[in-house]
Amino acid sequence: PPPPKRPPLTRGLRKAVEEIARETEIMVIPEGATVHITGNTEKVGLTTWYDVFYCGKRGWASGKYIITL
């Protein structure tokens, strides 16, 4: 069967989604790389997210991939 029809986005919601998409930047941190953890964490479900700096960029990294030394 075809997928269910979704209601159209309102103009305000569409603008917000477009702005978030433009501001979102995804970076891959290579295995073995060292990142600086700022000390801020956020628990979402079973995953702890760490606020990190890497190569001059700040963002969030999943605790599933962070090993603290």
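This short talk walks through the sheet, the hairpins and a few individual residues of the structure shown above.

Before the details, a word on provenance: this is a predicted model, in which local features need pLDDT of at least 70 and side-chain atom pairs count only at pLDDT 80 or more, while totals for chains, interfaces and linings use all residues. Residues are numbered from 1 along each chain as its sequence is written, and side-chain values use heavy atoms, with hydrogens and water left out.

Let me begin with confidence, where pLDDT is the predictor's own confidence in each residue, on a range from 0 to 100. The protein has a mean pLDDT of 76, with 64% of its residues at 70 or more. Confidence is lowest in helix α1, residues 11–23, where the mean is 57, and highest in β2, where it is 90. Helices and strands here are DSSP runs numbered from the N terminus, a helix being H or I over at least four residues and a strand being E over at least two.

Turning to the sheet, we have an open arrangement of 3 strands in the order β1-β2-β3, with antiparallel pairing; two strands pair if DSSP finds at least two bridges between them. The edge strands, each pairing on one side only, are β1 (36–44) and β3 (57–62). Neighbouring strands are turned by 25 degrees against each other on average, direction ignored, the axes being lines fitted to C-alpha atoms, for helices over the stretch in contact, with angles between N-to-C directions running from 0 to 180 degrees.

Strand β2, residues 47–54, is joined to β1 by 6 bridges. Within that pairing, histidine 36 has phenylalanine 53 in β2 as its bridge partner, and lysine 43 stands opposite threonine 48. The two strands form a hairpin with 2 residues between them, and glycine 45 in the turn has a positive phi of about 65 degrees.

Cysteine 55, which lies in the loop between β2 and β3, has a positive phi of about 50 degrees although it is not a glycine. At 60% relative accessibility, cysteine 55 counts as exposed, where exposed means over 50% relative accessible area, buried under 20% and partly exposed in between, with a 1.4 Å probe and protein chains only.

As for charged pairs, the structure holds 1 salt bridge, defined as a side-chain nitrogen of Lys or Arg within 4 Å of a carboxyl oxygen of Asp or Glu. Arginine 58 forms it with aspartate 51, and the closest N and O atoms are 2.5 Å apart. Arginine 58 counts as exposed because its relative accessibility is 52%, whereas aspartate 51, at 4%, counts as buried.

I will finish with serine 62, which sits in strand β3 and counts as buried, at 9% relative accessibility. Leaving aside neighbours within four places in sequence, serine 62 is in contact (heavy atoms within 4.5 Å) with Thr47, Thr48 and Trp49. Its C-alpha atom is separated by 6.3 Å from that of tyrosine 50, a residue 12 places away along the chain.
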